Amino acid sequence: TLLEKNLKFVLVSARMPDAIYSVTDLIDLPRIPVISYSGALVLTEDGKILYDRRISPESTKKVLEEIDKRWTNITVSYYAEKKCFVRAIDENVEYEMNTTKTGAEVVNFDELIGKNILPNKIFVVAIPPVCERVNRELEKIFPNLNVVRSSAYQLEIMDKGVSKADGIKVLLEHYGFKPEEAIAFGDNYNDVEMLQFIPQSVAMGNAPDDIKKVAHAVTDTNEESGIYTYLVKAGVIEP
C-alpha cells in the first residue's frame, strides 16, 4: 500500500473531518492528513490545524438572508471546524448523517454568528434545477464567495480564497513536496482547481465529461477501483 511505502495519502473532500474519518476508520486506515470543506480546513495526521479559513460575519449573514428570502424547500447546513449545525433535522440532514456517520446540532444560525462561530462552509441541498439556480444566482450576488456544486443536488459555499488546490498547496509546503511530485484524483466540479493545479491529474471514469477534459488522464470509475488501476499503471504500487 501507499502508507507501507511511506508515501503520503491524503483525502481531499467537501465533507467535515469526522465524515472523512468515518471512511478511514471503516477500512482500518491509520489517521492520515485531510483537506476538509474543499480546502477551507487542513489537518495533519495528528489533527493539527494547518489552515482554517472562514466566511466573514457579514457575508455569512447576507448569504443566509438571501437564501431564506429567495428559496423554500431547501436544506441549509452550517459547518464550523469539526461541527455541523442545522436549523432542523429534516430528511436531507438525516440522509447526510446516516451517510457520513456524523451528527448535527440544531441551533439558531444568528446565535452562532453572534458568538463569532463562523462557517468554513455553508451547505445547500436542493433538487437539481433549484440547486443550479441557487448556484447561478448566488455567484452573481456574492463575488467574494466561492460557490460551487459538488453534485447535482449539493452546493458548497466557502470564502472566495478556498479551493481544494489551495488546501493541497498548504499540505505540500508543510511536508516539503512540489506539485510535480503529487497525483490528484477527482470526479466532480469542485475538483477542477485541484486537477488544474497538479500536473499529474486524473479524472475518474464516472466524472462528467467536462472534468475529464481538465485532467491529464482518465482512469476507471470509483466502483472499478480506478485509483488502484492508475497507480499500478503509473508504477507507484505493485499489482
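First, the cavity rule. On a 1 Å grid over the protein atoms alone, a cavity is a set of points where a 1.4 Å probe fits but cannot get out, and lining residues have an atom within 4 Å of a point. Grid points are joined across faces, edges and corners, and a volume is the space filled by probe spheres set on the points.

Now the ground rules. This is a predicted model, where local features need pLDDT of at least 70, side-chain atom pairs count only at pLDDT 80 or more, and totals for chains, interfaces and linings use all residues. Residues are numbered from 1 along each chain as its sequence is written, and side-chain values use heavy atoms, with hydrogens and water left out.

How many cavities of 30 Å³ or more does the count come to? Two.

Helices (H or I, at least four residues) and strands (E, at least two) are DSSP runs, numbered from the N terminus. H3 gives the largest share, four residues.

By type, the lining of the largest cavity has eight nonpolar residues, five polar and one charged. Here Ala, Val, Leu, Ile, Met, Phe, Trp, Tyr, Cys and Pro count as nonpolar, Asp, Glu, Lys and Arg as charged, and the others, Gly among them, as polar.

The second largest cavity holds about 50 Å³ of space. Its lining is Ala14, Arg15, Met16, Ala19, Tyr79, Glu96, Thr100, Thr102 and Lys121. That divides into four nonpolar, two polar and three charged.

Next, the cysteines. A disulfide is a pair of cysteine sulfur atoms within 2.5 Å. The structure holds zero. Cys84 is buried, at 8% relative accessible area. Cys131 is buried too, at 0%. Buried means under 20% relative accessible area, exposed over 50%, partly exposed in between (1.4 Å probe, protein chains only).

Last topic: rings. Rings of Phe, Tyr and Trp (its six-membered ring) pair if their centres lie within 6.5 Å; planes under 30 degrees apart count as stacked, over 60 as edge-to-face and the rest as tilted. The count comes to five aromatic pairs.

Take Tyr37 and Tyr79. Their pair is tilted, 5.7 Å centre to centre, with 50 degrees between the planes. Tyr37 lies in the loop between strand S2 (34–36) and strand S3 (41–43), and Tyr79 lies in S5, so the pair ties together parts 42 residues apart in sequence. Both Tyr37 and Tyr79 are buried.

Now Phe185 and Tyr230. Their ring centres are 5.7 Å apart and the planes are at 80 degrees, so this pair is edge-to-face. Phe185 lies in strand S11 (residues 183–186) and Tyr230 in helix H9 (residues 226–233), so parts 45 residues apart in sequence are tied together. Tyr230 counts as buried, at 11% relative accessibility.

There is also an aromatic cluster, formed by Tyr37, Tyr79 and Phe123.

Finally, charges over rings. The rule: NZ of Lys or CZ of Arg is within 6 Å of the ring centre and within 35 degrees of the ring normal. The charged end of Lys121 sits over the ring of Tyr79, 4.6 Å from its centre. The charged end of Arg31 sits over the ring of Tyr21, 3.8 Å from its centre.

Note on methods. 1 Å grid on protein atoms, 1.4 Å probe; cavity = no way out; pocket = protein on both sides within 12 Å on 5 of 7 lines; lining within 4 Å.
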